[in-house]
Every structure is written in structure tokens, then in C-alpha cells.
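Biologist: I have this model open beside its sequence, and I'd like to learn how its parts pack together. Could you take me through it slowly?

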Amino acid sequence: MHGFANPARFLRIARPLTPWLAWGGVLLIAIGMVAGLFFTPPDYLQGETVRILYIHVPAAWLGMGGWTGIAIAGLAQLVWRHPLAGIAARAIAAPGALFTALCLATGSIWGRPAWGTWWEWDGRMTSMLVLLFLYFGYIALASADDERGGVSRVTAIFGLVGAINIPIINRSVVWWNTLHQKASITMSGSSIDGSLLWPLGFTTLGFSLLFGAIVLMRMRASLAQIRVEARLRRMAGE
């Protein structure tokens, strides 16, 4: 892991990888969205509204995956003192919050015709809302840090503690009575019909690649800012 700790070595990999992730993600999203909107049948119960799953499910996945990445980065910073861990965590926070908000918005839009309400304080929706507030808290803490592009130990600990909410989100539909449906895709299979399911793989992978590209771009911007600030300090000391 420390093999990529050197910023120059990281940038040699990140620079060419970023456009591949970005354009690959956009292409897969386009394929999945076109297929989901025009080449799949409506659901026998939910009709055309089921098509929102091609955005809602990847957004939920990346909202939770983003915070998992923050927690892993926090662990790497606290235990191994990885020099890029704090920068990675800070880079993940904003896109993670964006996808969490997108998950809540699309879930609310989907829930209105399906459940007859825009919002329900059930386990899944409430725990996702808590995740969004955790992102806001993390961003605020990271903005207050003065760690040369990274985050402080307090912020890293906050990221680790906040990870407790991830299994709560995952198991909320099992632990509590909820309007939200049970898990549709598990290790044992999927309850979604195959004619509706296949475009979801394209959009999920596409949004994941795009998320990775955004994180790499934000990390590169942070490293460039650190380099500029270091140069200005050297010039001021001359």
C-alpha cells in the first residue's frame, strides 16, 4: 500500500487513469440509460416508474461505498499513517454526499406513486438521511482542518465511527418493518426480472467508474494545490 504513498508515483498512475475511468463511465451510463429507458418493458406492478432504479440503485451503492472508502482511508491514516489517505478521504466526501442526496431524491420520487407518499420515516430512508448528515459533518470538519490537503486525526476518527451506519442501512429492511422493499439483489440471486435487470449492471459500473474519476481528479487538484503552496512558501523565505 505504501508503494503508492509517493505523490509523484501516484500521479503517474492517476493522470492517464482518470480519463479512462471518466469516459468509460460515461459510455456505460449512456448504454445502460438508453437500454433501461427504451429497451426494457415496464414493470407489471409499478409500470414506467420502475425505470428510476437505474439511477437510484447506483446512487445508493455509491453513497454507502463512498463512506466505506472514507472509513478505510481513515484507518490507513490512523494505523499506517499513509500520507495520501487523508487526501483520498477528503476527495471522496463531496461526491459521496452528492450520490447520497441523489439516492434520497430519486427514492422520494419513486416512492410517491409506489407508496402514496414522498417521505416515510422508515429504517432505510432515515438511515440514508443520517448518512447524508454524516457527510455534511465530515465535509465541515475537513474544511476546518489545516492538514495540507488531508484531514486531522479527529476527522479520520469521525469517518471511522460514522461507518457504524453502513450496516444499519444495509440491514434496516430486515430489522424493522418498512415500506422499502427487501433486498432485491443478494448473493443467492435477484428478484428483479432479467429483462429489467441487465441495464442496471451498466449504470452501476458506469457510475462507479465516474465516481472513481471524480475522486482521482479531486486528489490531483489537492496535490497540485499543496505543490503551489509549498513553492510560494519557498519563494517567501528566499
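Modeller: Let me start with two helices, where Leu-62, Gly-63, Met-64, Gly-66, Trp-67 and Ile-70 of H2 meet Met-128, Leu-131, Leu-134, Tyr-135 and Tyr-138 of H4, and where contact means heavy atoms within 4.5 Å. In that contact of H2 with H4, nine residues are nonpolar, two are polar and none is charged. The classes work like this: Ala, Val, Leu, Ile, Met, Phe, Trp, Tyr, Cys and Pro count as nonpolar, Asp, Glu, Lys and Arg as charged, and the others, Gly among them, as polar.

Biologist: Before we go on, what am I looking at here?

Modeller: This is a predicted model, in which local features need pLDDT of at least 70 and side-chain atom pairs count only at pLDDT 80 or more, while totals for chains, interfaces and linings use all residues. Residues are numbered from 1 along each chain as its sequence is written, and side-chain values use heavy atoms, with hydrogens and water left out.

Biologist: OK, and how many helices and strands does the chain have?

Modeller: There are seven helices and two strands in the chain, taken as DSSP runs numbered from the N terminus (H or I, at least four residues, for a helix; E, at least two, for a strand).

Biologist: What box do the C-alpha atoms fill?

Modeller: Along the principal axes, the C-alpha atoms of the chain fill a box of roughly 70 × 35 × 30 Å.

Biologist: Back to H2 and H4, then: at what angle do they cross?

Modeller: Their axes cross at roughly 45° and come within 11 Å. That angle makes H2 oblique to H4. Angles under 35 degrees count as roughly parallel, over 145 as roughly antiparallel, 65 to 115 as roughly perpendicular, and the rest as oblique. The axes are lines fitted to C-alpha atoms, for helices over the stretch in contact, and the angles run from 0 to 180 degrees between N-to-C directions.

Biologist: Is that crossing left-handed or right-handed?

Modeller: H2 and H4 cross in a left-handed way, a term used when the near helix is turned anticlockwise from the far one by less than a right angle, whereas clockwise would be right-handed.

Biologist: New topic: how do H2 and H5 pack?

Modeller: Helix H5, which covers residues 153-162, packs with H2 at an angle of about 135°, and the two axes lie 8 Å apart. H2 and H5 are therefore oblique to each other, and their crossing is left-handed.

Biologist: Which residues make that contact?

Modeller: H2 brings Trp-67, Ile-70, Ala-71, Gly-74, Leu-75, Gln-77 and Leu-78, while H5 brings Arg-153, Ala-156, Ile-157, Phe-158, Gly-159, Leu-160 and Gly-162. Sorted by class, the residues of this contact of H2 with H5 come out as nine nonpolar, four polar and one charged.

Biologist: And H4 with H5, what's the angle there?

Modeller: H4 and H5 pack at about 170°, with 10 Å between their axes. The two helices H4 and H5 are therefore roughly antiparallel to each other. On the H4 side the contact is made by Leu-134, Gly-137, Tyr-138, Leu-141 and Ala-142, and on the H5 side by Thr-155, Phe-158, Gly-159 and Gly-162.

Biologist: How many of the residues in that contact are nonpolar, polar or charged?

Modeller: In the contact of H4 with H5, five residues are nonpolar, four are polar and none is charged.
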